[in-house]
Amino acid sequence: MSPKPAKESLHSVFCAQDIALDTAYQGIDSKSWKSLFRQARESHLEQFIEDLFAGKAVNTSENRPALHSALRNLDKKPVFVNGQDVMPEVADVWHRIEGLCNKWVGVTDVIHIGIGGSDFGPRLAIEALAHVPDIDSRGMRMHFLANIDTAELNRILHRAHPNSTRVIIVSKSFTTLETTMNAKAVVKWLKDSGRNDVQITQALFAVTANVAAAQEFGIAKDNIYPFWDWVGGRYSVWSAVGLPIALQYGFDTFKEFLAGAQFMDQHFMSAPLEENLPVIMALALIYQQKKHRIKSYAVIPYADALDWFPKWLQQLDMESNGKSVDKDGMPIKYSCPVVFGSSGSNAQHSYFQLLHQGLDVIPIDFIAIREPMSHLAEAKAHHRILLSNCLAQAQALANGKKTDNPNNTYPGKRPSNLLILPKLNAFYLGALLALYENRTTALGAIWNINSFDQPGVELGKVLAKPIELALKNGVTVQADDSIDATTAARINLFNQS
């Protein structure tokens, strides 16, 4: 005998053209949905959406817009910041990217150096699009160098050919320690490989909001691609940060990626809240927070191509909304849960035991793609099994199973969404990423959180400087104002070896 099946919500399937969201297993009845939409309106979500796309200073702590949507505004409809239309500058970068795609020939390796938002988006897109059947690829090896650990640097330098390598250094401020140190190491490698100064200059490119710092580093002005302070790093893949996408798969593919995101932006702007996919996903999460006091949620794409998607989403959600105070500095009751996930069906053999029978209720976003991702003879049969596993896991989590043996009992009532894409290509990848970006900002608006700053990442950077100096000096240290007693003892442990 099984537990009573999870209560399915009415009108549970919502669509943005051919992208479908099924919330049936959220267990949200019509009365609760009405309450959720009322909460969204009382939080002035509709006004926030309007202000977001109009270029208002929604990043309240830094008093500036969050206009990543302008980067995919292919219609070039004017978008004003401080009275100036930013679209001519954005369009100029598009033109320069297209020009580089047309003349960049004979390149075997690209080393893309960046960390955080300068890394996750382009890395995800390159990995995901590599799985698209028959995609037009230039076949360059794209190496993503983010970690300051030289193991990653060493692996890349052993594979790349210095005579035919190009280097893209991506840093909004061009002061990020990991990025600048890795960039200097790659330049040294080029020199040690026999490249002269002119050849090295021709091989170096930068994407930054700090053009002067990039030039001081030694990058030619014509090789610098700007983006702006109204673009947050984790929202920046749509800018020249996404240059590897265009270089690897062509500018037309990059435009399709932007077009998918623009489509989702237009849906977010124009659809009523009751039909708005990002808003519905945000409200479903808020419902589960209130009902189950959830502390985490999982994202399981049943597509190997999207294995990097949960890692990208971790930064988007937790760096945007991982706060304990609201815009007014007041303590808040709810903010971003912990995000985790990996591709299905691999995930089933990893942590689904916890999802089914653990003590905590952990909502899940299942992401499925209608079409197989290969032309192999086995593709349809394999894809059918993949989808059946996706649907079965959602059903099992929702409905559970009761037996006389407690060890074999599944409690059920574990909520989930099912998001269905018709296929995975550049357009739908762009739409998927923009869907979650807009969901993240909707959550921030409802929680009254600023989703566009990240002060919590700064303290550790400041404290690392005196610690690095103490490790460099290699002498015994004592606790002081910048290094506490525990950290001093740990430094001494390293210095003793």
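1. Ground rules. Because the model is predicted, local features need pLDDT of at least 70 and side-chain atom pairs count only at pLDDT 80 or more, while totals for chains, interfaces and linings use all residues. Residues are numbered from 1 along each chain as its sequence is written, and side-chain values use heavy atoms, with hydrogens and water left out.

2. The largest pocket. Its volume is about 1,200 Å³. A pocket here is an open set of points on a 1 Å grid over the protein atoms alone, where a 1.4 Å probe fits and there is protein on both sides within 12 Å along at least five of seven lines; lining residues have an atom within 4 Å of a point. Grid points are joined across faces, edges and corners, and the volume is the space filled by probe spheres set on the points.

3. Who lines the largest pocket? There are 39 lining residues, and S173, T176, V457, E458 and K461 lie nearest the centre. Helices α6 (177–192), α12 (309–321) and α16 (458–473) each supply at least two of the lining residues, with α16 giving the most, 5 residues. Helices (H or I, at least four residues) and strands (E, at least two) are DSSP runs, numbered from the N terminus. By class, the lining splits into 15 nonpolar, 13 polar and 11 charged residues. Ala, Val, Leu, Ile, Met, Phe, Trp, Tyr, Cys and Pro count as nonpolar, Asp, Glu, Lys and Arg as charged, and the others, Gly among them, as polar.

4. The second largest pocket. This one has a volume of about 370 Å³. It is lined by 19 residues, and D304, M373, H382, H383 and L386 are the closest to its centre. Helix α14 (residues 379–399) gives the most to this lining, with 4 residues. The classes here are 9 nonpolar, 8 polar and 2 charged.

5. A helix crossing. Now look at α1 (residues 30–42) and α11 (residues 277–292): their axes come within 10 Å and cross at roughly 110 degrees. Axes are lines fitted to C-alpha atoms, for helices over the stretch in contact, and angles run from 0 to 180 degrees between N-to-C directions. The two helices are therefore roughly perpendicular (65 to 115 degrees). Contact means heavy atoms within 4.5 Å. On the α1 side the contact includes W33, L36 and F37, and on the α11 side it includes I280, L283 and Y287. In total the contact has 10 nonpolar, 2 polar and 1 charged residues.

6. The loop between β11 (338–340) and α13 (352–357). S343 is found here, and at 2% relative accessibility it counts as buried (under 20% relative accessible area, with a 1.4 Å probe and protein chains only; exposed is over 50%). Beyond its neighbours within four places in sequence, S343 touches I300, P301, A303, D304 and D307.

7. Most residues other than glycine have a negative phi, and most peptide bonds are trans. N82, not a glycine, has a positive phi of about 55 degrees; N82 sits in the loop between β3 (80–81) and β4 (84–85) and is exposed at 82% relative accessibility. K413 also has a positive phi of about 55 degrees. Its place is in the loop between α14 and β13 (416–421), and K413 is exposed too, at 54%.

Definitions and conventions:
Angles under 35 degrees count as roughly parallel, over 145 as roughly antiparallel, 65 to 115 as roughly perpendicular and the rest as oblique.
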